[in-house]
Amino acid sequence: MWTKLYHNLAKPRYDHVWIVLLLIAEALLSTLIVKRVPYTEIDWVAYMQEVTTYQNGERDYINIRGDTGPLVYPAGFLYLYGFFKDIATRSIDTTDPTGLGGSTSPEAIRIIQWVFVVLYVINSAVVLMLYNAVLQRMRQQQNTQSSTATMVWYWRIAMGITCLSKRVHSIFVLRLFNDAPAMILLHISMYLFACCDSWALGCVVFSLAVSIKMNVLLFAPGLLLLLLQKNQSLFGTIQHLSICASIQLFLGWPFLTTYPISYIKKAFEFDRVFFYKWTVNWKFLPEEIFTSKPWALILLACHLVVLGMLANKWWQSSISQLGDANARKPMRWTKCNKDKIRLSPEYVIYTMFASNYVGIVFARTLHYQFYCWYFYSLPMLLWLTSFGPSSSGDKFSKVVLSLVANVLAVAGVEYAFNVFPATELSSAALQMSHAYLLLKVVSSQVPSIQIDKEKMT
């Protein structure tokens, strides 16, 4: 009976039931957290100070600042959090001696917490749809009913893991960081790329995500490769990149036409120096090494070298899967034929997540809120490198060992981001988990690049 139930519940008609159950659980858990766990002020007051300064007419980014320092986010952040401020103060007394219109009062913050609960559930829904798209592709490539059922349940475990992070719940509904809406838009753009084959609209949403926080640029190398392969030409790729650039110009226009140097320097502050006391990933290093320029250059060099290694790996996979002639088509100026190319969901998602992950591994520092930059990619990357089509013939014991190792790797990262303040041990645990996944990404096969033409109809 149990075997029959195991196989029946693995059928496609229960996939959306599983997603709905997870989303209901997420909504209930997030509601419980807001009601039972006290809000902790970190950046919201500074956000409101920066937004209010902008609303009062200031356009020089050097002069837009809060208690935590000068504004270091692009213009989209000001517009979005200005909207949040309006929502928070619409139905409360806006008399405020601080001049922030009541936006930092307990009543206003509670309203915004509920907004972020909604945003969190939306983000979870988009992430689960990304996982489900990969699951459907994996289901098509399995050989037997038994292997299909086992694979489905492994992927459903991965989907469940995306709902279990204590730190990510905190980032969204207890801290109200701008990392959260930036990653929501990033995940939506990935859904548009991978599941809708809507690359122009996806570029719009991707650029909107960058306008809230520039960490989204860590996904850019992967997106560039995907645009080249999708367009099969340099000209088509430039067209899509121009969409991204146009959004940035449009949103930044009030600042670019008044104090352009100030805006570019602060909104995209690539030389920003972080404080040692907040680092999660390098706490076992002496502070003088952590803050040194040579260490920053070493990390940058490692980042570029590994990206180069993966680019070569992707190139070789493109040749083996598509042939040498087809693999070289993206480097032509214009498309040589009008055949429609549809990149597979698993390839799009894997490429963008891997691109971002390499940047995370070699980041000069990771703060606690940075966890949401890549938490949702951890099960996806681990499962694709362990439970892809090539693993369908693996022995059950081997698959179970891989599952346990993957869960432990995710647990190691989660542990590190829940130790406050970070310790040498927590940073070491984080780096070991990072190294495990990076090794799997470097050594594993690249997913199928394209969907067969007959499956596109």
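This is a predicted model: local features need pLDDT of at least 70, side-chain atom pairs count only at pLDDT 80 or more; totals for chains, interfaces and linings use all residues.

Q: What are the angle and the axis distance for helix H9 and helix H11?

A: Helix H9, residues 199–212, packs against helix H11, residues 234–256, at about 40 degrees. Their axes are 8 Å apart.

Q: Is the crossing of H9 and H11 left-handed or right-handed?

A: The crossing of these two helices, H9 and H11, is right-handed.

Q: Which residues of H9 and H11 meet?

A: On the H9 side they are Trp-199, Ala-200, Cys-203, Val-204, Phe-206, Ser-207, Leu-208, Val-210 and Ser-211. On the H11 side they are His-240, Ile-243, Cys-244, Ile-247, Gln-248 and Leu-251. Sorted by class, the contact of H9 with H11 has eleven nonpolar residues, four polar ones and no charged ones.

Q: How do helix H16 and helix H19 pack?

A: Helix H16 covers residues 345–361 and helix H19 covers residues 424–443; the angle between them is about 140 degrees, and their axes are 11 Å apart. The crossing of H16 and H19 is left-handed.

Q: Which residues make the contact of H16 and H19?

A: H16 contributes Tyr-350, Ala-354, Tyr-357, Val-358, Ile-360 and Val-361. H19 contributes Gln-431, Ser-433, His-434, Leu-437, Leu-438 and Val-441. By class, the contact of H16 with H19 holds nine nonpolar, three polar and no charged residues.

Q: What is the arrangement of helix H2 and H7?

A: Helix H2, residues 15–36, and H7 pack at about 65 degrees with axes 10 Å apart. The crossing of H2 and H7 is right-handed. Glu-26, Leu-29, Ser-30, Ile-33 and Val-34 of H2 touch His-169, Val-173 and Leu-174 of H7. The contact of H2 with H7 divides into five nonpolar residues, two polar and one charged.

Q: Which residues lie closest to the centre of the largest pocket, and how is its lining made up?

A: The lining has 33 residues, and Met-214, Leu-218, Phe-270, Phe-274 and Arg-364 are the closest to the centre of the largest pocket. By class, that lining has 21 nonpolar, six polar and six charged residues. Helix H10 (220–231), helix H14 (293–322) and H16 each give at least two residues to the lining of the largest pocket. H14 supplies the largest share, seven residues.

Q: What is known of the second largest pocket?

A: The second largest pocket has a volume of about 830 Å³. Its lining has 31 residues, with Ile-42, Asp-43, Trp-278, His-367 and Gln-369 nearest the centre. Helix H3 (44–55), strand S2 (69–70) and helix H7 (166–174) each give two or more residues to this lining. By class, the lining of the second largest pocket has 16 nonpolar, six polar and nine charged residues.

Q: Last, the backbone. Where is the cis peptide bond?

A: The cis peptide bond joins Phe-420 and Pro-421, with omega about -5 degrees. Pro-421 sits in the loop between helix H18 (396–417) and H19.

Q: What is the phi of Leu-176, and where is this residue found?

A: Leu-176 has a positive phi of about 60 degrees, although Leu-176 is not a glycine. Leu-176 lies in the loop between H7 and helix H8 (179–194).

Key: Residues are numbered from 1 along each chain as its sequence is written. Side-chain values use heavy atoms; hydrogens and water are left out. Axes are lines fitted to C-alpha atoms, for helices over the stretch in contact, and angles run from 0 to 180 degrees between N-to-C directions. Helices (H or I, at least four residues) and strands (E, at least two) are DSSP runs, numbered from the N terminus. A crossing is left-handed if the near helix is turned anticlockwise from the far one by less than a right angle, and right-handed if clockwise. Contact means heavy atoms within 4.5 Å. Ala, Val, Leu, Ile, Met, Phe, Trp, Tyr, Cys and Pro count as nonpolar, Asp, Glu, Lys and Arg as charged, and the others, Gly among them, as polar. On a 1 Å grid over the protein atoms alone, a cavity is a set of points where a 1.4 Å probe fits but cannot get out, and a pocket is an open set with protein on both sides within 12 Å along at least five of seven lines; lining residues have an atom within 4 Å of a point. Grid points are joined across faces, edges and corners, and a volume is the space filled by probe spheres set on the points.
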